[in-house]
Amino acid sequence: MGCRSLLRADSGLPGTGIRGIEALGILATSSSSCFSHATTSSEIPVDEGGEETSLLVARRDWEEPGKEAMTAATAGAGEEDWDRCDSEMRIDVSDDTAHQISTDPWYQVAFVLTTGINSAYVLGYSGSIMVPLGWIAGTTGLILAAAISLYANVLLARLHEIGGKRHIRYRDLAGHIYGRKMYSLTWALQYVNLFMINTGYIILAGQALKATYVLYRDDDILKLPYCITIAGFVCALFAFSTPHLSALRVWLGFSTFFSLIYIIVAFMLSLSDGINSPPRDYTSPGSHTNKIFSSIGAAASLVFAYNTGMLPEIQATIKQPVVRNMEKALWFQFIIGGLPLYAVTFTGYWAYGSSSSTYLLSSVHGPIWVKSVANAAAFLQTVIALHIFASPMYEYLDTKFGRGKGNPFSFYNVSFRVVVRGGYLTINTFVAALLPFLGDFMSLTGALSTFPLTFVLANHMYLKVKDKLSLPQKSWHWLNIVGFSAMSLAAAIAALWLIANDSKTYHFFADL
């Protein structure tokens, strides 16, 4: 008698029975039945202090047999059924990790996602998205990109537990479904994505410092590359002192506070400028060729605005039930978290038209001290946000090369972070100073990694796992795969053209 004769689970993912999990919390006592064994916890180490968190096996929509039937069934369950049930039902973490797993409530994860969507990048969307696309295409694109991104991220979240494991890394999930080659390819795409995002954050932090400096002195002594170097150093200090993603906790509150400061200031000062300014020109600038490539690049920036490229890594930190809680966090991100983005983006474009810059606080007019506070808030929030997007790389380095256990602030662990994370951020900072073209970086990141990871791969993985789809459902997913693959290729070409064109105009280590 097998495990499936004792428990029936209605699963949306074939062969797994684990979509939409909900902990049963039934503890095994003295019975050796498959049922009682299946509902006990599978304990895994989750943090560097050796504490453990129990991942309770879960089910939704299961039918419990009657008490007499259960007794009869368990009486005949032998050691072979016990082992089979254990292998089929236990939810394990896909690989060992030096970082914390399954410790954060859904609202903390929601704030992590909201921190990403409302980072200082929002100060650039008026210039990088709205200027090339205009009112109709830009507004429609932002709304459609949000809807499509929510859909794709929910698909990906529902694949977090397949094959009896929690896949805590994007590459682990791809490797489980496709094999070793896809594991490596996904890791490469994700590395490019996160490296480019982190480079952009350092550019943003440098721009915030530069914008603050020119408010008080216009002597051109403190150039943008110098500001980027200072920003990289501060980001490194924060990385040394924050061991992992879950350790952000109180810093997420500070991040939200900093975001509100620069968003409110940018919104209010832009609104004031727009009311007191003459009619603006909303025509996209540049030659016909430049307009085409800029529009395609802006389409890539649309998806970049909403997506992290590291959803499984963020979902790994969430408490059970991981799918339901992750969906709550995603709905919060795209409904509540998107409102400040829209307010700043649309108001900035309305106020300045085609002259909107890729750092809105450089365009606004108002009291110097108000703009100084906003720039300082943007700088500090960027330091925190960078840590979120660098955490998959930190986790890989800490797990593979560090000790991973013991006090995270021991001399060895701190020294390890100084050397390894410091080296990684040094490379980021050098690239940021070399090519400080923020809008082009957003386009290239969206083209090379956000499109493939969030839209192409998520839809194809869902097709691979979910084998009982109707023909219209399969056609829809294939339409997403083919369509976003074509958009990814076109956006990559456009972004490379824009970078090459800007490099001719501004040269390396430009003081923009």
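Analyst: The second largest cavity holds about 80 Å³ of space. This is a predicted model, in which local features need pLDDT of at least 70 and side-chain atom pairs count only at pLDDT 80 or more, while totals for chains, interfaces and linings use all residues. Residues are numbered from 1 along each chain as its sequence is written, and side-chain values use heavy atoms, with hydrogens and water left out. A cavity is a set of points, on a 1 Å grid over the protein atoms alone, where a 1.4 Å probe fits but cannot get out; a pocket is an open set with protein on both sides within 12 Å along at least five of seven lines; lining residues have an atom within 4 Å of a point. Grid points are joined across faces, edges and corners, and a volume is the space filled by probe spheres set on the points.

The lining of the second largest cavity consists of 15 residues, and those nearest its centre are Gly116, Phe304, Ala305, Asn307 and Phe389. Ten of the lining residues are nonpolar, five are polar and none is charged. In this sorting Ala, Val, Leu, Ile, Met, Phe, Trp, Tyr, Cys and Pro count as nonpolar, Asp, Glu, Lys and Arg as charged, and the others, Gly among them, as polar. Helix 4 and helix 7 each give at least two residues to this lining, and helix 4 provides the largest share, three residues. Helices are DSSP runs of H or I with at least four residues, strands are runs of E with at least two, and both are numbered from the N terminus.

Helix 4 (residues 106-117) packs with helix 9 (residues 250-276) at an angle of about 40 degrees, and their axes are 10 Å apart. Helix 4 is therefore oblique to helix 9. Axes are lines fitted to C-alpha atoms, for helices over the stretch in contact, and angles run from 0 to 180 degrees between N-to-C directions. Angles under 35 degrees count as roughly parallel, over 145 as roughly antiparallel, 65 to 115 as roughly perpendicular and the rest as oblique. The crossing of helix 4 and helix 9 is left-handed. A crossing is left-handed if the near helix is turned anticlockwise from the far one by less than a right angle, and right-handed if clockwise. Gln108, Phe111, Val112 and Thr115 of helix 4 make the contact (heavy atoms within 4.5 Å) with Leu252, Ser255 and Thr256 of helix 9. Three residues of this contact between helix 4 and helix 9 are nonpolar, four are polar and none is charged.

Helix 4 also packs with helix 14: their axes come within 10 Å and cross at roughly 115 degrees. This crossing of helix 4 and helix 14 is left-handed. Val112, Thr115 and Gly116 in helix 4 meet Gln381, Ala385, Ile388 and Phe389 in helix 14. The contact of helix 4 with helix 14 has four nonpolar, three polar and no charged residues. Gly116 and Phe389, which take part in it, are among the residues nearest the centre of the second largest cavity.

Helix 14 has a further partner, helix 8, with the axes 9 Å apart at an angle of about 60 degrees. Helix 8 and helix 14 are therefore oblique to each other, and their crossing is right-handed. Ala231, Val234, Cys235, Phe238 and Ala239 of helix 8 touch Phe379, Val383, Ile384, Leu386, His387 and Tyr394 of helix 14. Ten residues of the contact of helix 8 with helix 14 are nonpolar, one is polar and none is charged.

In all, the structure has four cavities of 30 Å³ or more. The largest pocket is a separate topic, with about 970 Å³ of space. Helix 7 (180-216) and helix 14 (368-401) are among the helices that each supply at least two residues of the lining of this pocket.
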